[in-house]
Structure formats: structure tokens, C-alpha cells
Amino acid sequence: MGLIMHHGSKRHTVAIHRSWPFDEKPLLIFWETTKACMLACKHCRASAILEPLPGELSHEEGIKLIDDIAGFGKPSPILVFTGGDPLMRKDIWSLVARAKEHDITVAMAPAITPKLTDAEIRRMVEMGVKGISISLDGSRPEIHDRIRGVPGVFNRSIEVIRSMLDSGLRVQVNTAVMRDNVEDLADMVKLLYDLGVRVWEVFYLIPVGRAQKDLDLTPKEWEDVSHFLYEASKYGIVVRTTEGPMFRRIALTRRLLELHGYNPDEVLNPGPLYHKLVSRLRSLLGEPRDKPLASTTGTRDGKGIVFISHDGLVYPSGFMPYPVGNVRKESIVKIYRENSLMKKIRAAEFKGRCGVCEFRDICGGSRARAYTVLGDPLAEDPACPYSPGEFTRLVEKLGLDTEKAVDEIEGLKHVLPPKPK
């Protein structure tokens, strides 16, 4: 899962996201069309199985769901067909066709299995699928195949990515970061750069489904990963995160420091994992020559994001199994707009540090992690080590002119304190 679409240029992306009416409609709707999948990934959110589970939305219910999604109005949310593996669903192309009838932008997240043939790739092009996400959790077969649980899937993934790019499809690579592959991230950047993939969605592990706590990183390590990803975005690759919204805080802070001539490493003191990864990155790709393409769009679970499970239950995200409704009983439009938890999430009504943080709107912490670890979807994010107010104190200490940087730094205006009247 993750943000599949890349809306043209970065300037166009910023304009769409800044003006998107998040209280009225999500930017992304993820529909888990089935739990069936041939893979057995050790971190799988869906705990996917080989056969569909009883209770899966029928074809007729799927058609009605798509009709309801059209009720959000234009521009429509992006509908991401995910799973499991959406290609395990026999009526998938009929469902895609229905979405296209409503002029709903469609993306897909297929698994790398024998179902994903060259003929299916051609069909994606013919059906007007606008974006594809392919999961790649390591730069080498021994890493990716071990995580995915099927030998040979790495090599096939590379073949599929090349074939899709050659076919003109927009390809995003999704990487789930965990203990098993965190030290491989620099090599992943090199692989994506060489393949020509220019959108990278990095998933910060949530201990849900098959993902066990021993795969998780410490808060300080997640902080280092975030610092590294900002540097990785200077190599022509748009970097976004899922369940790692603290990346936006770090990206905004590093960019602001750079614009004022400071070395972020000297001011912010990232840890040894960051230095190890960035040193490896520089050895592979040299010094960066591009502006950072770190996405700081203020979406989060329940704000701009909504997930529909195989059986019609609606969650703020696929990593947060906290039901807020059921599309079999009421419209997805009503659920998104009127559910009390969703409204609190969008209003940034959080507890603990997240509730008083100056980044509570642009970041807001991982709601999925708060729920999974602390049992409260509005609690603070336990993976974030940040102390609210540090950014404000840093700006004051260094005398940074944040007002002039607002147009340059996407998302900065959401962090600035209100001007005195």
C-alpha cells in the first residue's frame, strides 16, 4: 500500500495536496479486494492466505462501493485496488472498468506472483491504470526473497518493474523497513536510481498481522532512517513515507537549515545508523546534485487516507484495524465525513506529545502505531522521540527567517506559530 500516484510535476503535486478538501473526501481510498495471495511475507499486514475468505465483498457489492465512491464528487479520490493480491480476484477488471466509467483514477498494488503476467501488464495499460506499486524490500535476492517467503521473487520483481516502465506505466516501489533490511536502504536507493524508478514509498513497520515486534526499530533508529531518507530524496527520487510521518518534521527542519546555510548534521546530530547509511549512499551515488524531493503532504490515517477491508469494514488505514464503519451498511462518503474518530484525527485532537506538538497537523504521528502499541488511536506515537517545542526553540535560537521560506518548503506554513495580532 501507500501513495501510488504522482500528480505530474512537483509544483502540481503541491497545489493539489494543499488545496485538497480533506474534511470532505480522502485523497486515497485503499480497497483490500481480497486477502488471497500466493506470497507469505513475514511482515504482511493482511496475513494473506491462498484462498479468499468467506464474507468477501461480492461483485455486486463491489460495484455499489465504486458507485458510492463516485459520490465524493470531482475530483474523485484515487482508488487503489490492493489486497492480498487484487489479481487473485476474478472480477478485478470488471471492477476497474466500473471505476473508469465514473472517471475515478485507478491504481493497483499487485503481488509478484505467476498471476502477474505480461498480458496482465498490457491490460493495465489498456484499462488506463494510472499507477502501480511494486513491493521491493531489499536490493538483493537474499534479502527480499527471505522477507517475501518465496525464492525467485526478487528477480521477477526486477523484470516486472522494467516491463512496466517500458510499457509507460508509472511505477512506485514500496519498501517496508524493518530490522532485517534497514542497513540495506542505501543500496535500495542505488537500485531504484539504476532502474529508473522515481517514486519510493517507505513503510515504517507497524507490529500488526505477521509483523512481529522483534522486527521493529527503536525510536532513535527511526529518527536516523528519516534523516537518511531526506538525503536519499536528493537523487531525483520522490520519497514518501507510510506510518512514518515524523519524516516530514525532519525533512522540513533539514531543508530550512540548508536554506539558511547551516549543516543539518551539525545542528541536529543524527545517530550512527544515519551516518552509516548516508556514507554508503555517497559511496554508491556520489554527492547529491538535485534539490530534495521529500514529500511533506499532511495526510495521515483517517485524514486523506481510508481503507476498506475485504469484508467491507472501514478503517482509518490498513495498518490500523479499528473499524469506523461498514460499506455494507452505509456509504463510504458518510463514514469518512461523519465518523467521530475520523473527525478527531483530521482535527489533530491527539493526546500526549502529539497533542501539543507544533507538527501535529503536518505530521500527527502514526495513528496505527499509537493504536497497536498503546491501544488508543489518539495517543502519541511511541516511535517518535521528539519533544514538542524543539523546532520553535531552534528557529528562535538561530534567528531563522521562516516566513520567506514558506513558498520554498512544502508544509512549513502548517508548523509556524500564528502571527501576533
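Author: Happy to! Please keep in mind that this is a predicted model.

Which residues of α4 are buried? The helix covers residues 118-126, and E120, I121 and M124 are the buried ones. Looking down the axis of α4, you would find these buried residues within an arc of 105 degrees, so they line one face of the helix. Follow the chain just past the end of α4 and you reach G128, whose phi is positive, at about 75 degrees.

Two packed helices are described by the angle between their axes and the distance between the axes. For α2 and α3, the axes come within 9 Å and cross at roughly 20 degrees. That angle makes α2 roughly parallel to α3, and their crossing is right-handed. On the α2 side, the residues that meet α3 are H59, G62, I63, I66 and D67, while α3 brings S94, L95, R98 and A99. Sorted by class, this contact of α2 with α3 has four nonpolar, three polar and two charged residues.

Now for the backbone between these helices. The loop that runs from α2 (59-70) to β2 (78-82) holds P75, and the peptide bond from K74 to P75 is cis, with omega near -5 degrees. Further along, the loop between β2 and α3 contains G84. Here G83 and G84 are joined by a cis peptide bond, with omega at about 25 degrees.

Let us move to another helix pair, α8 (residues 219-232) and α11 (residues 272-285), whose axes come within 8 Å and cross at roughly 25 degrees. The helices α8 and α11 are therefore roughly parallel to each other, and α8 passes α11 in a right-handed crossing. From α8, the contact is made by E221, D224, V225, H227, F228, E231 and A232, and from α11 by P272, L273, Y274, L277, V278, L281 and R282. By class, the contact of α8 with α11 has nine nonpolar, one polar and four charged residues.

In the loop between β7 (238-242) and α9 (246-259) you will find E243. Its phi is near 60 degrees, a positive value in a residue other than glycine. Is E243 buried or exposed? With a relative accessibility of 6%, E243 counts as buried, because buried means under 20% relative accessible area.

The other spot is A348, in the loop between α13 (340-346) and α14 (352-356). For A348 too, phi is positive in a residue other than glycine, with a value near 60 degrees. A348 has a relative accessible area of 11% and is buried.

To return to where we started, have another look at α4 in the structure: its buried residues E120, I121 and M124 line one face of the helix, and G128 with its positive phi comes just after.

Key: Residues are numbered from 1 along each chain as its sequence is written. This is a predicted model: local features need pLDDT of at least 70, side-chain atom pairs count only at pLDDT 80 or more; totals for chains, interfaces and linings use all residues. Side-chain values use heavy atoms; hydrogens and water are left out. Buried means under 20% relative accessible area, exposed over 50%, partly exposed in between (1.4 Å probe, protein chains only). Helices (H or I, at least four residues) and strands (E, at least two) are DSSP runs, numbered from the N terminus. The arc is that of the directions from the helix axis to the C-beta atoms. Axes are lines fitted to C-alpha atoms, for helices over the stretch in contact, and angles run from 0 to 180 degrees between N-to-C directions. Angles under 35 degrees count as roughly parallel, over 145 as roughly antiparallel, 65 to 115 as roughly perpendicular and the rest as oblique. A crossing is left-handed if the near helix is turned anticlockwise from the far one by less than a right angle, and right-handed if clockwise. Contact means heavy atoms within 4.5 Å. Ala, Val, Leu, Ile, Met, Phe, Trp, Tyr, Cys and Pro count as nonpolar, Asp, Glu, Lys and Arg as charged, and the others, Gly among them, as polar.
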